[in-house]
Amino acid sequence: MISCLCITQPGREEFLKQAIACFNEQTFPDKELVIVEDPKTGITLGELRNLAVAKSTGDMLAVWDDDDLSDPGRLECQFEATKDISLFEHVTLECACGVQVRSPARMWECSMMIRREIMPFYASLPRGEDTELLQRLRDSRALITLIDGTHLYTKRFHGANTWEAVHNRALFERCRPHHVCERLQ
């Protein structure tokens with residue numbers, strides 16, 4: 001079974017509805033969606049992700065961010081490719097005005113699927129916990145499979161992401177340098 005781990009917060013109900021719809025449309029049959037809501041009591045994002053892992057029952061774990069979109073074939077594609085860990089090397093980036101571009105090549109932590117038996121704890125960080133975890137996994141020499149996820153995963157920049165708009169705008173503008181999205185100012 002694949003456990004999809006979704007962290008959400010109050011005020012993101014529309015994003016969460018879309019994340020649940022994407023989950024329900026997955027072609028991979030043996031799956032569960034574990035949703036953990038941030039109670040806004042000072043718990044870090046890393047601690048919330050660890051709580052989601054603890055509540056899950058699958059042998060495989062997949063990050064399922066509440067504000068991103070997954071194609072119906074995402075889980076099936078990743079499951080078939082995963083030895084220890086799989087990540088998308090390219091994803092679709094979508095700015096708040098709806099313009100989409102192909103991302104630059106990198107390991108997109110938000111797309112990680114990993115075997116439970118090698119999953120370490122997330123660091124207790126308010127953000128960047130997934131980057132730190134991926135670095136530890138790379139250092140451990142786990143077998144990481146990179147997949148072109150351009151058609152399987154859309155990372156949305158909407159102005160209320162974990163990272164500030166300036167960070168997301170710079171990433172988007174690397175792909176489309178002359179596009180200015182007023183909603184990411």
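A: Start with charge below the surface. This is a predicted model. Asp68 and Lys155 are both buried. Their side chains meet in a salt bridge, 3.7 Å from N to O. Asp68 sits in the loop between S3 and S4, and Lys155 in strand S10 (residues 153-156). The pair links distant parts of the chain, 87 residues apart.

Q: What does Arg49 meet in a salt bridge?

A: Asp65, at 3.4 Å from N to O. Arg49 belongs to helix H2, whereas Asp65 is in the loop between S3 and S4. They are 16 residues apart, and the pair links distant parts of the chain. Both Arg49 and Asp65 are buried.

Q: How many salt bridges does a search of the whole structure find?

A: Eleven. For the charges overall, count the side chains: 22 positive and 29 negative in the protein chain. The centres of the two sets lie 3 Å apart.

Q: What is the nearest side chain of opposite charge to Glu32, and how far away is it?

A: Arg116, 5.4 Å away. The cut-off for a salt bridge is 4 Å between nitrogen and carboxyl oxygen. Glu32 is buried yet has no salt bridge. Then list its contacts, leaving out residues up to four places away in sequence. Glu32 touches Met1, Ile2, Ser3, Cys4, Phe23, Ser56, Thr57 and Gly58.

Q: How do I read a helix for its buried side?

A: Begin with the geometry. An α-helix has 3.6 residues a turn, so residues three or four places apart point the same way. Now take helix H2 (residues 45-55). Its buried residues are Leu45, Gly46, Leu48, Arg49, Asn50, Ala52 and Val53. Then ask what lies over them.

Q: What covers the buried residues of H2?

A: The cover includes strand S1 (2-8), S2, strand S3 (60-63) and helix H4 (129-139).

Q: Where is Ile118 found, and which residues is it in contact with beyond its neighbours within four places in sequence?

A: Ile118 is in the loop between strand S8 (108-115) and H4. Its contacts, with those neighbours left aside, are Asp84, Ile85, Leu137 and Ala142. The C-alpha atoms of Ile118 and Ala142 are separated by 8.3 Å, and the two residues are 24 apart along the chain. Ile118 counts as partly exposed, because its relative accessibility is 26%.

Q: What is phi of Arg141?

A: Near 65°, a positive value in a residue other than glycine. Arg141 is in the loop between H4 and strand S9 (144-148). The residue is exposed, with a relative accessible area of 73%.

Q: How many helices and strands are there in the protein chain?

A: Five helices and ten strands. The radius of gyration of the chain is 16 Å, close to the 16 Å from the globule rule for 185 residues, so the chain is as compact as a globular protein of that length. Along the principal axes, the C-alpha atoms fill a box of roughly 45 × 35 × 35 Å.

Q: What else describes the chain as a whole?

A: Of the 185 residues, 51% count as buried. Among contacts with a separation of 6 or more, 74% come from residues 24 or more positions apart. The chain exposes about 9000 Å², and carbon and sulfur atoms supply 52% of that area.

How values were computed
Residues numbered from 1 in each chain as written. Predicted model: local features only at pLDDT ≥ 70, side-chain atom pairs only at ≥ 80, totals over all residues. Heavy atoms only, no water. Helix = DSSP H or I, 4+ residues; strand = E, 2+ residues; numbered from the N terminus. Rg over C-alpha atoms; globule rule 2.2 N^0.38 Å. Buried < 20%, exposed > 50% of the residue type's maximum accessible area, 1.4 Å probe, protein only. Contact = heavy atoms within 4.5 Å. Areas by Shrake-Rupley, 256 points an atom, 1.4 Å probe, with all protein chains shown as cover. Lys, Arg positive; Asp, Glu negative; His and termini not counted. Charge placed at Lys NZ, Arg CZ, Asp CG, Glu CD.
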